Amino acid sequence: MYSANPDRYNKLKYRRCGNSGLLLPAISFGLWHNFGEVDSIAKCKAILFNAFDLGITHFDLANNYGPPPGAAETTFGKILKEDLGRYRDELIISSKAGWPMWPGPYGDLGSKKYLVASLDQSLKRMGLDYVDIFYHHRPDPNTPMEETMSALDLMVRQGKALYVGISSYSAEETRKAAAILKELGTPCLIHQPKYSMLDRWVENGLLDAVEETGMGCITFSSLAQGLLTNKYLKGIPEGSRASRPLGNGALEADQLTPENILRIQQLDLLAKERGQSLAQMALAWVLKDSRITSVIIGASKPEQVQDAVGCLDKPSFTNEELNRINSILAS
Ligand SMILES: NC(=O)c1ccc[n+]([C@@H]2O[C@H](COP(=O)([O-])OP(=O)(O)OC[C@H]3O[C@@H](n4cnc5c(N)ncnc54)[C@H](OP(=O)(O)O)[C@@H]3O)[C@@H](O)[C@H]2O)c1
């Protein structure tokens with residue numbers, strides 16, 4: 001039986017999520033990949049126990065994580081039942097719906113019918129009475145936003161979610177969602193966008209909207225799915241994400257262009273000069289903005305989580321370093 005490291009709260013920093021009462025670890029852990037039916041439960045446990053032992057209290061899931069869709073929640077539910085469930089009150093567990101999950105018109109996008117049914121399924125798979133955060137996973141241009149937000153409000157009123165959030169909404173959609181939820185009496189806790197050195201769209205207005213509306217912000221793919229680590233400096237290693245045809249937006253070999261590799265090699269040199277790994281520099285770079293509450297990392301090995309947490313040992317950048325990063329990225 002797993003017993004958590006008694007020193008687990010001595011390493012990580014916990015940052016306030018927007019204007020809320022909730023503190024999230026600067027590094028959170030996501031189960032998009034590596035927690036499907038094909039992955040050994042022993043390996044899944046090793047990664048999750050290591051994360052919790054390092055002080056990572058927040059685990060991010062979604063209805064469709066697998067493969068097959070739903071499998072990551074089933075795996076996580078099994079691990080909760082056997083081991084981690086004893087620590088439920090120390091855990092922030094999130095799920096989402098918004099991408100295709102089951103056939104027919106009610107298994108995708110943003111209707112109340114889809115979101116409410118999906119959360120019930122997620123709770124069953126994880127063996128939980130409630131999730132801490134439930135997200136609408138992506139904007140739905142054809143459902144009135146009032147309907148989607150009223151589904152989130154309902155979940156909170158039913159006690160099936162403590163907080164709600166949105167993912168990948170534009171700045172304008174974020175302001176609208178925040179206003180509707182405020183009117184309903186359920187604040188929007190958090191926004192979950194993609195953000196890394198290689199994808200900086202949030203800098204064009206979204207971070208301003210998040211701050212203005214008092215939400216927290218938790219980023220995904222901040223290691224660009226492994227590109228911003230030392231993994232691909234010398235080609236594509238066997239078993240890595242880029243070596244497997246996973247689909248659904250997962251990293252593909254054709255993203256490893258000669259230009260990208262050159263940039264990554266130059267960034268790796270700078271990280272070495274700063275005395276940290278490239279993954280650590282990439283995470284510290286995202287976390288330097290105080291509007292970012294947390295970064296969700298993925299990992300296929302416990303050592304990768306250990307590496308990520310080390311980013312907090314060297315969190316700040318000189319102006320010269322930031323200028324050098326900008327010129328590498330622009331080259
Ligand atoms: N809201 C959304 O729409 C959305 C979308 C995507 C993700 N997410 C969330 O964000 C989480 C993270 O996303 P992500 O997996 O794309 O994030 P990521 O942290 O950018 O990439 C994770 C991958 O990078 C590699 N890696 C991590 N640390 C490493 C290290 N120290 N050295 C070498 N390689 C390392 C591993 O690849 P290998 O597996 O090849 O070892 C790992 O699986 C997801 O699990 C999910 O919870 C949300």
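So, I133. Setting aside anything within four places in sequence, I133 is in contact with I92, S94, A161, Y163, V164, G165, L189 and I190. Bear in mind that what we're looking at is a predicted model.

The largest nonpolar core has 94 residues, and I133 and V164 are the ones that touch the most other members. The largest share of this core comes from helix α8, residues 278-287, which puts in nine residues. As a reminder, nonpolar side chains tend to be buried together in soluble globular proteins.

Okay, on to helix α5. That's residues 171-184, so 14 residues, and from first C-alpha to last the helix reaches 20 Å, close to the 20 Å you'd expect at 1.5 Å a residue. Which residues of α5 are buried? They're T174, A177, A178, I180 and L181. If you look down the axis of α5, the buried residues fall within an arc of 165 degrees, so they line one face of the helix. Remember that an α-helix has 3.6 residues a turn, so residues three or four places apart point the same way.

What do the buried residues of α5 pack against? There are α4 (145-157) and α6 (206-213) on the helix side of the list, plus strands β7 (161-167) and β8 (188-192). Then, just after α5, G185 takes a positive phi of about 95 degrees.

Now the ligand. There are 29 residues around the ligand, and the ones that come nearest are G30, W32, F220, G226 and G298. By type, the shell splits into 15 polar, ten nonpolar and four charged residues. Where does the largest share of that shell come from? From α9, with three residues. Both β10 (294-297) and α9 (302-309) supply at least two shell residues each.

Last one, Y65. You'll find Y65 in the loop between β4 (58-60) and α2 (71-82). Is Y65 buried or exposed? Buried, because 26 other C-beta atoms lie within 10 Å, and the cut-off for buried is 20 or more. Not counting residues up to four places away in sequence, Y65 touches L31, W32, F35, A72 and E73. And W32, remember, was on the list of residues that come nearest the ligand. As for G216, that residue is 151 residues from Y65 in sequence and 23 Å away in space, C-alpha to C-alpha.

Key. Residues are numbered from 1 along each chain as its sequence is written. This is a predicted model: local features need pLDDT of at least 70, side-chain atom pairs count only at pLDDT 80 or more; totals for chains, interfaces and linings use all residues. A nonpolar core is a set of buried Ala, Val, Leu, Ile, Met, Phe, Trp, Tyr and Cys residues joined through C-beta atoms within 7 Å. A residue is buried if 20 or more other C-beta atoms lie within 10 Å of its own, exposed if 12 or fewer, and partly exposed in between; C-beta atoms are placed from the backbone. Helices (H or I, at least four residues) and strands (E, at least two) are DSSP runs, numbered from the N terminus. Two residues are in contact if their C-beta atoms, placed from the backbone, lie within 7 Å. The expected span of a helix is 1.5 Å times one less than its number of residues. The arc is that of the directions from the helix axis to the C-beta atoms. A residue is near a molecule or strand if its C-beta atom, placed from the backbone, lies within 6 Å of it. Ala, Val, Leu, Ile, Met, Phe, Trp, Tyr, Cys and Pro count as nonpolar, Asp, Glu, Lys and Arg as charged, and the others, Gly among them, as polar.
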